[in-house]
Amino acid sequence: MPQFNVGILGATGAVGQKFIRLLQDHPWFTIQALGASGRSAGKTYKDAANWIESIPLPQSVADIKVKNCKASEFDGIDFVFSGLDSSVATEIERDFAENGIPVISNAKNYRTDPTVPLLVPEVNPDHIDLISTQSFTEDQSGWIVTNPNCVVIPLVMSLKPFNDHYGIESVVLTSLQAISGAGYPGVPSLDILGNVIPLIGGEEPKISEEPLKLLGKLNEGSIEHADFPIQATATRVPVINGHLLSVTVKLKNAPADVEEAKQALKNWKSPIAGLDLPSAPEFPLNVFDDERYPQPRLHADSEKGMQTAIGRVRSCNVFDLSYIAMAHNTIRGAAGGAILNAELLVRKGFLS
Ligand code: NAP
């Protein structure tokens, strides 16, 4: 089995803590270094982090001394996962890449960079080859790979089979996003309890743009983006984990009926099936016939939080199809998605 020493940048935050939880007992990756802001650097992890995961803080990290997020302090680390705040991710991630330490990031900063793969292994594994167009180091030892916004995961996982089968003409969606997506302490309780907040600042442009890169085609070292409009409304709801989306799509070639559309989802085959990646869900999509499902509380943790649940597939009076999609935002939509990206990068020989 391959073995790697890994670091986590932004280790004290909500996503950083999820990395720590998910990497416990990972068969390939061992946490050796943790980085955060100057507020945390120099403290032991147990003193620096306000641990919010529902398992006890693992002993293996409790006494690790938190470092500043500087590549020069991460000697001997094979690559880093980043759960950095976007206000600081640009410079810090570049520093690591320029110093030959690959970065597998959750932050939005490099997602639209034309040389940086925005990667979902089940959707666009071939985009990994964009790494060869990056110039952080002359010998290509340092590079950056990103995963998408947490809403984009259930969106693109559900759009992919429809795009393959029918072609997509346009998409309209409303997201009902969990409070854990806002980090910690996140949204004030008086704002969110018993309430819905009708706008999440900065979210809608990401939801409209990132799927087009993900569903784009790699052509001679660059991505030709998919070309259809996505209209998104992003709302925050009093749910702890699991972003749920109500999606309506117009297709280039409409399916004969709803049953055919459901079969397109159910029969879709993941391109990474068979690669034996430790975090890959056996069934990336769970398509419900029972109209009561999916629900965040019941299904966000399915397949260790790595599955996308789809339900209520039905015909639409305005477009072609409507449905609900849902995925765990801090696992599949953040730390778990990044770990799966790292596993694919190992299998494809980019990490060795
Ligand atoms: P968070 O809880 O606010 O954590 C932010 C982390 O960044 C903390 O570890 C913090 O360290 C560190 N940090 C802040 N300023 C820094 C500095 N100047 N230098 C070094 N480190 C610094 O945020 P989060 O929810 O975990 O999100 C982290 C990233 O992942 C963001 O870019 C977010 O957009 C993205 N993301 C989040 C989700 C989600 O569901 N939450 C999903 C997908 C992507 P200190 O504790 O020392 O301040």
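At 12% relative accessibility, T137 falls under the 20% cut-off and so counts as buried. This is read from a predicted model, as is everything that follows. T137 sits in the loop that links β5 (103-105) to β6 (144-146). Setting aside residues up to four places away in sequence, T137 touches A97, E98, G100 and G142.

Another loop residue to look at is F228, found between β9 (222-224) and β10 (230-236). With a relative accessibility of 5%, F228 also counts as buried. Its contacts, again not counting residues up to four places away in sequence, are I168, E169, S170, V171, L212 and L215. As for E209, it is 19 residues from F228 along the chain, and the C-alpha atoms of the two are separated by 9.9 Å.

Next comes helix α1, which spans residues 14-23. Of its 10 residues, 7 are buried, so the rest of the structure largely encloses this helix. The buried ones are A14, G16, Q17, K18, F19, I20 and L23. What lies over them? The cover includes strands β1 (4-9), β2 (29-36) and β4 (79-82), along with helices α2 (45-48), α3 (59-62) and α11 (331-347). After α1 comes D25, which has a positive phi, near 65°.

One of those covering helices, α11, can be followed in more detail. The axes of α1 and α11 are 9 Å apart, and the two helices pack at an angle of about 50°. The pair is therefore oblique. Their crossing is right-handed. On the α1 side, V15, K18, F19, L22 and L23 make the meeting, and on the α11 side the partners are I331, A334, A335, G336, A338 and I339.

Helix α8 (residues 258-266) has buried residues as well, namely A261, K262, A264 and L265. Why do these four end up on the same side of α8? They cover an arc of only 155° around the axis, and that puts them on one side of the helix. Among the elements covering them are helix α5 (152-166) and strands β12 (285-287), β13 (308-315) and β14 (321-327). At the start of α8, D257 has a side-chain oxygen that comes to within 3.3 Å of the backbone nitrogen of E259.

Now for how α5 sits against α8. The two pack at an angle of about 115°, and their axes are 9 Å apart. That angle makes α5 roughly perpendicular to α8. This crossing, too, is right-handed. From α5, the residues involved are S158, P161, F162, H165 and Y166, and they meet E260, A261, A264 and L265 of α8. Two strands in the cover of α8, β13 and β14, turn up again in the last stop on this tour.

That last stop is T308, a residue of strand β13. T308 has a relative accessible area of 1%, so it is buried. Leaving out neighbours within four places in sequence, T308 is in contact with I153, P154, M157, P284, L285, N286, M326 and A327.

Key:
Residues numbered from 1 in each chain as written. Predicted model: local features only at pLDDT ≥ 70, side-chain atom pairs only at ≥ 80, totals over all residues. Heavy atoms only, no water. Buried < 20%, exposed > 50% of the residue type's maximum accessible area, 1.4 Å probe, protein only. Arc of directions from axis to C-beta. Contact = heavy atoms within 4.5 Å. Polar contact = N/O pair within 3.5 Å; in protein donor to acceptor, adjacent residues only side chain to side chain. Axes fitted to C-alpha atoms, helices over the stretch in contact; angles between N-to-C directions. Parallel < 35°, antiparallel > 145°, perpendicular 65-115°, else oblique. Left-handed = near helix turned anticlockwise from the far one by under 90°.
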